[in-house]
Amino acid sequence: MRQLLVPLLCLLPLAVSAQVTDTASYLQRMDSDGDGRVSQAEYLQWMLYAFDHMDRNGDGVLTADELPGGKGKAITREQQRQVIVQRFHKQDANGDGYLDARELSAPPR
């Protein structure tokens, strides 16, 4: 279920921001400092939004009743943060510590 949860959490920011229709728009929304690239901190902030939105009681843990489908193993915000950081580093193909539009649009490695 955890493998299923991670992709689902990644989709929530997209669903919430329906006006984001292409990679450039996605980059612009994530790029809070406007430098044309996404830092790890910006990526975490964007991706953890989904976790925080789903954590209805605000305890930092998604329990089965808060997960899509109402079942699955609980996951803490810290566990999800670690998964997101790992994904960021996999997507950072050139290893510069930032994601550009090409890296954001690339399929997960």
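This briefing walks through the fold, the core and a few residues of the structure above. The model is predicted, so to speak of local features a pLDDT of at least 70 is needed, side-chain atom pairs count only at pLDDT 80 or more, and totals for chains, interfaces and linings use all residues. Residues are numbered from 1 along each chain as its sequence is written, and side-chain values use heavy atoms, with hydrogens and water left out.

**Overall fold**

- The protein chain has five helices and four strands, taken as DSSP runs numbered from the N terminus (helices are H or I with at least four residues, strands are E with at least two).
- Along the sequence, these elements follow the order α-α-β-α-β-β-α-β-α.
- Of the 109 residues in the protein chain, 35% are buried; buried means under 20% relative accessible area, exposed over 50% and partly exposed in between, with a 1.4 Å probe and protein chains only.
- Among contacts in the protein chain with a separation of 6 or more, 51% are between residues 24 or more positions apart; a contact means heavy atoms within 4.5 Å.

**The nonpolar core**

- The largest nonpolar core holds 19 residues, and Met-30, Val-38, Tyr-43 and Leu-104 have the most contacts inside it.
- Such a core is a set of buried Ala, Val, Leu, Ile, Met, Phe, Trp, Tyr and Cys residues joined through side-chain atoms within 4.5 Å.
- Two or more residues of this core come from each of α2 (23-30), α3 (40-54) and α4 (77-91), and α3 gives the most, with seven residues.
- In soluble globular proteins, nonpolar side chains tend to be buried together.
- Setting aside residues up to four places away in sequence, Met-30 touches Val-38, Glu-42, Tyr-43, Trp-46 and Leu-104.

**How α2 meets α3**

- The axes of α2 and α3 come within 9 Å and cross at roughly 100°, which means that α2 is roughly perpendicular to α3.
- Roughly perpendicular covers 65 to 115 degrees, while angles under 35 degrees count as roughly parallel, over 145 as roughly antiparallel and the rest as oblique.
- The axes are lines fitted to C-alpha atoms, for helices over the stretch in contact, with angles from 0 to 180 degrees between N-to-C directions.
- On the α2 side, Tyr-26, Arg-29 and Met-30 meet Glu-42, Tyr-43, Trp-46 and Met-47 of α3.

**Strand β1: Val-38 and Ser-39**

- Val-38 lies in strand β1 and is buried, at 0% relative accessibility.
- Beyond its neighbours within four places in sequence, Val-38 is in contact with residues including Leu-27, Met-30, Tyr-43, Phe-88 and Leu-104.
- Val-38 and Ala-101 are 63 residues apart in sequence, yet their C-alpha atoms are 8.7 Å apart in space.
- Ser-39 is also in strand β1 (residues 38-39), and Ser-39 is buried with a relative accessible area of 16%.
- Leaving out residues up to four places away in sequence, Ser-39 touches Phe-88, Gly-97 and Tyr-98.

- Glu-42 belongs to helix α3 and is buried, with a relative accessible area of 5%.
- Not counting residues up to four places away in sequence, Glu-42 touches Met-30, Asp-31, Ser-32, Asp-33 and Arg-37.
- Glu-42 and Asp-31 are eleven residues apart in sequence, with 6.4 Å between their C-alpha atoms.
- Arg-37 places its charged end over the ring of Tyr-98, 3.4 Å from the ring centre; the rule asks for NZ of Lys or CZ of Arg within 6 Å of that centre and within 35 degrees of the ring normal.
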